Amino acid sequence: PELQDTLRRHIRERSIPSGQWVVGYGYDDAQLAERRHPNRDDLDAVSTEHPIFLLHASGHLSAGNSRLLAAQGILANTVDPPGGVIRRRQGSREPDGVLEETASMQVYLAVPVPTRQQALDGLAAALAACASHGLTTVQEGGALPESVALLEDANARGLLKVDVVAYRYWN
């Protein structure tokens, strides 16, 4: 319920139009009272008007609502991608909303790209949240070139209120 309330508040406070994605990063099933991943029913209770996509803290899993699954073509007859798992409702082939590894990454790659200003605003808000908890240094363990460029831009604008260590991701 706390996660659902947070998502509802996020949608309401930002007046997110129907049909626009709601994306969250860093949920941890081990930190939720239920000790489980949110499923499509949990997220449908928040909104069926918005595709909802939540990336797990590990980056290896995600959770989505019915609108997201349908929009991404993740249905009962969808085959698990190589290296990934579409978790299913018990006793059926119907996706339960939790995606593992490459199944999650396929959806992650479809997340709408924010504008540069939205990305800078989001970074500033995230770093302010870190600072509010007393953190003085944060790290990005797999920074893509566009993430490094964003950090450099934010630094040039004086937006980095904590030290940021970024390790470039290399293929």
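User: Why is Val165 called partly exposed?

Analyst: Val165 has a relative accessible area of 32%. Buried means under 20%, exposed means over 50%, and partly exposed is what lies in between (1.4 Å probe, protein chains only). Since 32% falls between those limits, Val165 is partly exposed. Before we go on: this is a predicted model, in which local features need pLDDT of at least 70 and side-chain atom pairs count only at pLDDT 80 or more, while totals for chains, interfaces and linings use all residues. Residues are numbered from 1 along each chain as its sequence is written, and side-chain values use heavy atoms, with hydrogens and water left out.

User: Where is Val165, and which residues is it in contact with?

Analyst: Val165 sits in strand E7 (residues 163-168). Helices (H or I, at least four residues) and strands (E, at least two) are DSSP runs, numbered from the N terminus. Contact means heavy atoms within 4.5 Å. Setting aside neighbours within four places in sequence, Val165 touches Thr137, Val138, Gln139 and Glu140.

User: What makes Gly84 count as buried?

Analyst: The relative accessibility of Gly84 is 11%, and that is under 20%, so Gly84 is buried. Gly84 belongs to strand E4. Apart from neighbours within four places in sequence, its contacts are Glu100, Glu101, Thr102 and Ala103. Gly84 and Thr102 are 18 residues apart along the chain, yet 4.5 Å separates their C-alpha atoms.

User: Which residues make up the largest nonpolar core?

Analyst: A nonpolar core is a set of buried Ala, Val, Leu, Ile, Met, Phe, Trp, Tyr and Cys residues joined through side-chain atoms within 4.5 Å. The largest one here has 11 residues: Trp21, Phe53, Leu55, Leu68, Leu69, Ile74, Ile86, Leu99, Ala103, Val107 and Val111. At least two of its residues come from each of strand E2 (52-56), helix H3 (66-71) and helix H4 (102-108). A second, separate core has 10 residues, including Tyr27, Val46, Ile52 and Leu54. Leu68 has contacts with Trp21, Pro51, Ile52, Phe53 and Val107, leaving aside neighbours within four places in sequence.

User: How do you know that the pair of Tyr25 and Tyr108 is edge-to-face?

Analyst: Rings of Phe, Tyr and Trp (its six-membered ring) pair if their centres lie within 6.5 Å; planes under 30 degrees apart count as stacked, over 60 as edge-to-face and the rest as tilted. Two aromatic pairs are counted by this rule. For Tyr25 and Tyr108 the ring centres are 6.4 Å apart and the planes stand at 80°, so the pair is edge-to-face. Tyr25 is in strand E1 (residues 22-27) and Tyr108 in helix H4, so the pair ties together parts 83 residues apart in sequence.

User: Why do Tyr25 and Leu109 count as exposed?

Analyst: Tyr25 has 54% relative accessibility and Leu109 has 70%. Both values are over 50%, so both residues are exposed. Tyr108, at 32%, is partly exposed. Together with Met105, these residues form a nonpolar patch on the surface, with about 440 Å² of accessible area. For patches, residues need over 30% relative accessible area and no salt bridge; like charges are joined within 9 Å, and nonpolar side chains (Val, Leu, Ile, Met, Phe, Trp, Tyr) within 5 Å. Areas come from the Shrake-Rupley method with a 1.4 Å probe, and for residues only the protein chains shown count as cover.

User: What makes Arg40 and Glu94 a salt bridge?

Analyst: Side chains of opposite charge can pair when their charged atoms come close. A salt bridge needs a side-chain nitrogen of Lys or Arg within 4 Å of a carboxyl oxygen of Asp or Glu. The N to O distance for Arg40 and Glu94 is 3.1 Å, so the pair qualifies. Arg40 lies in helix H2 (residues 40-44) and Glu94 in the loop between strand E4 (84-88) and strand E5 (95-101), 54 residues apart. Arg40, at 10%, is buried, whereas Glu94, at 30%, is partly exposed. The structure holds eight salt bridges.
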